[in-house]
Amino acid sequence: MRDTTKHQGLRNQLANVLQAKGITDENVLNAVRKIPRHLFIDSSFVDHAYQDKAFPIAANQTISHPYTVAFQSEVLAVKPGEKVLEIGTGSGYQTAVLLELKAQVYTIERQHELFKKTSLFLPKIGYRPKRFIFGDGYKGLPEQAPFDKIIVTAGAPYVPNPLLAQLKIGGKLLIPVGDGEQVMTLFIRKSAKEFEKHELGDFRFVPMLEEKN
Ligand code: SAH
């Protein structure tokens, strides 16, 4: 499938919608204007690709709402060159946003079907994380720790300790916490033992599940 001026127009409109909903970070809005979201979803949903909606992708998972992706990206405040761990690669759309923000991205997916699909697809359209990992995000990625930022894109019933432990001092973990509905929760590591916690509103994600599949 191609990327046309029509798609570009729809993306610009989507960025306006996100702005109206409160997103202000120009780098995030520019990423939304640039990334061809219609290529990330099943062809039957292409007409909806640039509405602020979540959609089914493979393996019973969903691509997050553009607003959710933009919100999480804005809160993380990624700076160029930062080392970012993403839990829940899914379609790779959030991964692409992080790469547009010039992060060094390590991304973990527990569903093999999605891992395979997205690790082939993203490089094809020019997005290259440092690593795609087929694994369980509850464990983080100790061999690459510490990270400047960790973002979880599935609803976690509790906050996994390994993720807090793998943050740099000054680093941020952004994680939706809860069953069913989640509270978007930001942890900022103040020292080896101290974390500051901020609750940033309700969201709804597919569940973060243990082990690989
Ligand atoms: N950012 C993605 C969101 C996909 S939905 C996008 O916008 O497309 C959440 C993803 O998290 C799903 O692909 C799901 O399989 C994955 N996931 C759930 N639990 C996980 C875990 N423990 N480790 C890694 N990935 C997980």
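**Strand 6 and its surroundings**

Tutor: Strand 3 (residues 83–87) runs parallel to strand 6, and the two pair over four bridges, where strands are DSSP runs of E with at least two residues, helices are runs of H or I with at least four, both numbered from the N terminus, and pairing requires at least two DSSP bridges. The model is predicted, so local features need pLDDT of at least 70 and side-chain atom pairs count only at pLDDT 80 or more, whereas totals for chains, interfaces and linings use all residues. Residues are numbered from 1 along each chain as its sequence is written.

Strand 6 itself spans residues 147–152 and is mostly covered, with five of its six residues buried (20 or more other C-beta atoms within 10 Å of a residue's own, with C-beta atoms placed from the backbone).

Val 84 touches Phe 147, Asp 148, Lys 149 and Ile 151, among others (C-beta atoms within 7 Å), and this list leaves out residues up to four places away in sequence. Val 84 and Val 152 are also among the residues with the most contacts inside the largest nonpolar core, which has 53 residues (buried Ala, Val, Leu, Ile, Met, Phe, Trp, Tyr and Cys joined through C-beta atoms within 7 Å). Helix 4 gives this core its largest share, five residues.

Notes:
Buried ≥ 20, exposed ≤ 12 C-beta atoms within 10 Å, placed from the backbone. Contact = placed C-beta atoms within 7 Å.
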